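Subject: Structure handover

Hello,

Here is the structure we talked about. Please open it first, then read the notes below.

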Amino acid sequence: MSIRMEDKELRMPHRASLFPDLLSDPPSLPQVVAYYFKQWQGFYMPFHRHDATEIMYTIQGFCNVEIVLSPTNTARVRLKKGEFILLNANIAHRLIVEDEEPCRMLNVEFRFTAHQGDLPSIQQLAFAEKQLASLLEVQTSYLVLRDPDEVYHVMKSLVLELDRTADKSETMIQLLISQLLIRIARLRRETVSSSLVQSEWYAKVSMDYMHQNYDREIQVKDIAAAVNLHPGYLQRIFKTVTGQTLMAYLTNIRMEKAQMLLLETDVPIADISDYIGIGSRQYFHMLFKTHTNLTPTDYRKSMNKHKFDHPEGS
């Protein structure tokens, strides 16, 4: 049977925990035991299980993961670019990739070992990060999430550090895998608490993309490519969800950054358009005056005067 990503946690039988009794165990640390990039095509893996928790991240294409929940119940999850599955240890599963739909994945497997050294244990992190504690306690055999690139970047940094030879840092490895688990926990909580429908998710990822790329001369087609949608379709979704067009939202980001640069830095006004991804200085001046009713020069002068008129402690 096929389980959709949005309602999987609600419909799955609660027969297993992703991290059984971890919070009551002696202090421990996550330890990576296997990791690899892999391009799959026409591959039918036999059912298997292992004693490590596994993250299977889809970088490109499509793949199917089948998970045995009971002798009579097998779930089938279809993953596409930017989605990943977190699989409990000792849960039988297999990967299926069709000939016509190749898939590139990044896999990381880890288990927990006795805490050593000065870094905080997973239990200490969970005490400080309530979202991580919630992830460690979740009653489910697997978890599927959509990623706005945050999880993938940490996974990639982790495996690159693991591949280093002479100057590999165990401290860095521990920090990265801890960061990975915290980011997954936050992503899960965000998804559960907001109950994002698909259109809202596309809008959120588009916003994240614009916040990360406002300094470049990006167009609607670039944002649409980041979420794998037709530009016109994304435009309609974004306007419905936010009440703004993509370019209006991007312009607001850029004007806020321009105001910050004018107020808090000494960046020359002639250079600010380059900092916010607007190639024409004249166009930047026109947009800024429309947005603030002041020219960039007048804004910097008036804001600086305002700061000096209100000295610290007044």
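Start at Asn293. Its relative accessibility is 64%, so Asn293 counts as exposed, the cut-off being over 50%. Asn293 sits in the loop between helix 11 (281-292) and helix 12 (296-309). Its phi is near 70°, a positive value in a residue other than glycine. Most residues other than glycine have a negative phi. Keep in mind throughout that this is a predicted model.

Asn228 is in the loop between helix 7 and helix 8.

**Overall**

The protein has 12 helices and eight strands. Of its 314 residues, 44% count as buried. Take the contacts with a separation of 6 or more: residues 24 or more positions apart account for 75% of them. The protein exposes about 16500 Å², and carbon and sulfur atoms supply 51% of that area.

One link across the sequence can be checked by eye. Asp25 and Gln123 are 98 residues apart in sequence, yet their C-alpha atoms are 8.5 Å apart in space. Asp25 lies in the loop between helix 1 (8-11) and strand 1 (28-40). Its relative accessibility is 34%, so Asp25 counts as partly exposed.

**Cores**

The largest nonpolar core has 38 residues. Leu132, Leu135, Leu158 and Ile184 have the most contacts inside this core. Which elements each supply at least two residues of it? On the strand side, they are strand 3 (53-70), strand 5 (83-87), strand 7 (103-114) and strand 8 (142-146). On the helix side, they are helix 2 (122-128), helix 3 (130-137), helix 4 (150-163) and helix 5 (170-194). Helix 5 gives the largest share of this core, nine residues.

Another core, of 33 residues, lies apart from the largest one. Ala203, Ala224, Leu229 and Leu234 are among its residues.

Leaving aside residues up to four places away in sequence, Leu135 touches Leu18, Phe19, Leu143, Leu181, Ile184, Ala185 and Arg188.

**Aromatic rings**

The count comes to nine aromatic pairs. One of them joins Phe110 and Phe112. This pair is edge-to-face, at 5.8 Å centre to centre, with 85° between the planes. Phe110 is buried, with a relative accessible area of 0%. Phe112 has 22% relative accessibility, so Phe112 counts as partly exposed. The pair Phe238 and Tyr249 is also edge-to-face, because the ring centres are 5.7 Å apart and the planes stand at 80°. Phe238 lies in helix 8 (residues 231-242) and Tyr249 in helix 9 (residues 246-264), so this pair ties together parts that are 11 residues apart in sequence. Both Phe238 and Tyr249 are buried.

Phe19, Phe110 and Phe112 form one aromatic cluster. Phe19 is also one of the residues that Leu135 touches.

Two lysines sit over rings. Lys38 lies over the face of Trp40, at 5.3 Å from the ring centre. The charged end of Lys130 sits over the ring of Phe127, 4.7 Å from its centre.

Helix 6 (residues 198-213) has 16 residues. At 1.5 Å a residue they should span 22 Å; the end C-alpha atoms are 23 Å apart, which agrees. Which residues of helix 6 are buried? They are Trp201, Tyr202, Ala203, Val205, Ser206, Asp208, Tyr209, Met210 and Asn213. These buried residues pack against strand 4 (73-80), strand 8, helix 7 (220-227), helix 8 and helix 9. Ala203 also belongs to the core of 33 residues.

Helix 9 has 19 residues, and at 1.5 Å a residue it should span 27 Å. Its end C-alpha atoms are 27 Å apart, which agrees. The buried residues of helix 9 are Leu246, Tyr249, Leu250, Ile253, Arg254, Met255, Ala258, Gln259, Leu261 and Leu262. Tyr249, in this list, is the ring partner of Phe238.

Best wishes

Conventions:
Residues are numbered from 1 along each chain as its sequence is written. This is a predicted model: local features need pLDDT of at least 70, side-chain atom pairs count only at pLDDT 80 or more; totals for chains, interfaces and linings use all residues. Side-chain values use heavy atoms; hydrogens and water are left out. A nonpolar core is a set of buried Ala, Val, Leu, Ile, Met, Phe, Trp, Tyr and Cys residues joined through side-chain atoms within 4.5 Å. Buried means under 20% relative accessible area, exposed over 50%, partly exposed in between (1.4 Å probe, protein chains only). Helices (H or I, at least four residues) and strands (E, at least two) are DSSP runs, numbered from the N terminus. Contact means heavy atoms within 4.5 Å. Rings of Phe, Tyr and Trp (its six-membered ring) pair if their centres lie within 6.5 Å; planes under 30 degrees apart count as stacked, over 60 as edge-to-face and the rest as tilted. A charge sits over a ring if NZ of Lys or CZ of Arg is within 6 Å of the ring centre and within 35 degrees of the ring normal. The expected span of a helix is 1.5 Å times one less than its number of residues. Accessible areas come from the Shrake-Rupley method with a 1.4 Å probe; for residues, only the protein chains shown count as cover.
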